[in-house]
Amino acid sequence: MKLCSACLLGIKCRYDGGDKANEKVLELAKREILVPVCPEQLGGLSTPREQTEPKGDRVVTKSGVDVTDIFEKGAEQVLKIAKAKGIKSAILKQKSPSCGCGKIYNGTFSGIIIEGDGITTKLLKENGVEVLTEEDL
Ligand code: SF4
């Protein structure tokens, strides 16, 4: 059993109201139990919502609102789900400010990618959950 970014499974939970259904993830879901989670919704954000990017150790919306607390709350809810089910691995959406693993945007909303992890990925890794992305499948 693995956690999985809900948008990769075709759930329309992205900031723009869309999904990021991924063929490889959908194939994997036929063979393994993938538990869909969207940390941004679990933190209390609505869908659609304003686009966000990480800025240092904070997360901000395009209009400059600091939403770090909401992202951290969502990450904690995802960790609770992992602990409740004894889940030790996750497949999360690359480059998201919540779910990105190794690659994130740089906070300028100009498409520039830097090394780093999203808020949920960071918390999961700190708690011994292995995180892969759709790019690793
Ligand atoms: S927070 Fe994660 S699961 Fe939710 S839309 Fe963003 S990438 Fe997908």
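Colleague: Where is Phe 109 placed?

Modeller: Phe 109 belongs to the loop between strand 6 and strand 7 (113-117). The model is a predicted one.

Colleague: What makes the phi of Phe 109 worth noting?

Modeller: Phe 109 is not a glycine, yet its phi is positive, at about 55°. Most residues other than glycine have a negative phi.

Colleague: Which value does phi take in Lys 95, and where is that residue found?

Modeller: In Lys 95, also a residue other than glycine, phi is positive and near 75°. Lys 95 lies in the loop between strand 5 and strand 6 (101-105). A positive phi is found as well in Gly 128, near 80°, and this glycine follows helix 4.

Colleague: Why is Lys 95 called partly exposed?

Modeller: Its relative accessible area is 24%. Buried requires a value under 20% and exposed a value over 50%; Lys 95 is in between and is therefore partly exposed.

Colleague: How do you know whether the peptide bond from Thr 47 to Pro 48 is cis or trans?

Modeller: The omega of this bond is near -5°, and the bond is cis. Most peptide bonds are trans. Pro 48 itself is placed in the loop between helix 2 (39-42) and strand 3 (52-55).

Colleague: Which residues of helix 3 are buried?

Modeller: The buried residues of helix 3 are Thr 68, Phe 71, Gly 74, Ala 75, Val 78, Leu 79 and Ala 82. Because they cover an arc of only 140° around the axis, they are on the same side of helix 3. An α-helix has 3.6 residues a turn, so residues three or four places apart point the same way. On the face turned away from this buried side, helix 3 carries the exposed residues Asp 69, Lys 80, Lys 83 and Ala 84.

Colleague: Why is Thr 68 called buried, and why is Asp 69 called exposed?

Modeller: Thr 68 has a relative accessible area of 0%, which is under the 20% limit, so Thr 68 is buried. Asp 69 has a value of 56%, which is over 50%, and Asp 69 is therefore exposed. For Asp 69 and Arg 58, 11 residues apart in sequence, the C-alpha separation is 8.8 Å.

Colleague: What makes Ile 87 a buried residue?

Modeller: Its relative accessibility is 3%, and since buried means under 20%, Ile 87 counts as buried. Ile 87 is located in the loop between helix 3 and strand 5 (89-92). From Ile 87 to Leu 28 the C-alpha distance is 16 Å, and the two are 59 residues apart in sequence.

Colleague: Which residues of helix 4 are buried, and why does Lys 122 count as partly exposed?

Modeller: In helix 4 (residues 119-126), Ile 119, Thr 120, Thr 121, Leu 123 and Leu 124 are buried. Lys 122 is in helix 4 as well. Its relative accessibility is 36%, which is between 20% and 50%, so Lys 122 counts as partly exposed. Lys 122 and Arg 58 are 64 residues apart along the chain, and 13 Å separates their C-alpha atoms.

Terms used: Residues numbered from 1 in each chain as written. Predicted model: local features only at pLDDT ≥ 70, side-chain atom pairs only at ≥ 80, totals over all residues. Heavy atoms only, no water. Buried < 20%, exposed > 50% of the residue type's maximum accessible area, 1.4 Å probe, protein only. Helix = DSSP H or I, 4+ residues; strand = E, 2+ residues; numbered from the N terminus. Arc of directions from axis to C-beta.
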